[in-house]
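Here is a short briefing on one protein structure. Keep the model open as you read.

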Amino acid sequence: MIRLNLPNFEIKLSGTREHPQIFDVLRRRYVALTPEEWVRQHFVHYLIEHKGYPATLLANEVRLQVGDKVLRADSVLYDSQLQPRMVVEYKAPTVALTQKVFDQISVYNMLLHVDYLIVSNGLEHFCCRMNYADNSYIFLETIPEYEELSTPRN
């Protein structure tokens, strides 16, 4: 797999050469090792080990439903009252982070109404903070530390 713009972590692999698997610390099981999963596992470990996010408040592959359509948010961070605070969308390193990716995460946010949106392909990462008071958002220079998220919601 390609080297990412994220810190290394203790990677646990399983499966076969034809069907490799990687351990997902949040789902507590091995999952298919795809390029997108490679990014997800690196990013989740980055949030937990370097940014102080509690693993107990993070979830991968969160099921969302719009009418008959089922969607899956790649990762969601919840607050201590289990209200969603952040949605993260991952793409494979070879996938450009285009407007289409931001449109996809915006659909999830229409359902979750979170404070932060992040998109990452493992090489580039973009984070924005939503401001619902004036229907705007601002892109942040860095991914916030977990402690920085404790400010009251808009």
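Which residue is the bridge partner of Phe-23 in β3? The partner is Tyr-30. This is a predicted model, in which local features need pLDDT of at least 70, side-chain atom pairs count only at pLDDT 80 or more, and totals for chains, interfaces and linings use all residues. Residues are numbered from 1 along each chain as its sequence is written, and side-chain values use heavy atoms, with hydrogens and water left out.

**The sheet of 3 strands**

- An open sheet holds 3 strands in the order β1-β2-β3, with antiparallel pairing. Strands are DSSP runs (E, at least two residues), and helices are runs of H or I with at least four; both are numbered from the N terminus. Two strands pair if DSSP finds at least two bridges between them.
- The edge strands are β1 (13–15) and β3 (29–32), and each pairs on one side only.
- From one strand to the next, the twist averages 45°. Angles run from 0 to 180 degrees between N-to-C directions, with axes fitted as lines to C-alpha atoms, for helices over the stretch in contact.
- Helix α1 (residues 35–51) packs on this sheet and touches β2 and β3. Contact means heavy atoms within 4.5 Å. The direction of α1 makes about 25° with that of β2.

**The hairpin**

- Strand β2 (residues 20–24) runs antiparallel to β3, and 4 bridges join them.
- β2 and β3 form a hairpin with 4 residues between them. In the turn, Arg-28 has a positive phi of about 55°.

**The sheet of 6 strands**

- Another open sheet has 6 strands in the order β4-β5-β6-β7-β8-β9, with mixed pairing.
- β4 (58–66) and β9 (136–140) each have a single partner strand, so one side of each is left without a neighbour in the sheet.
- Neighbouring strands here are turned by 35° against each other on average, direction ignored.
- β4 and strand β5 (residues 69–78) pair in the antiparallel sense over 8 bridges. Gln-65 stands opposite Val-70 in β5.
- Helix α2 (residues 99–112) packs on this sheet, touching β4, β5, β6 (84–90), β7 (116–120), β8 (125–131) and β9. Its direction makes about 155° with that of β6.

- Tyr-137 is found in strand β9.
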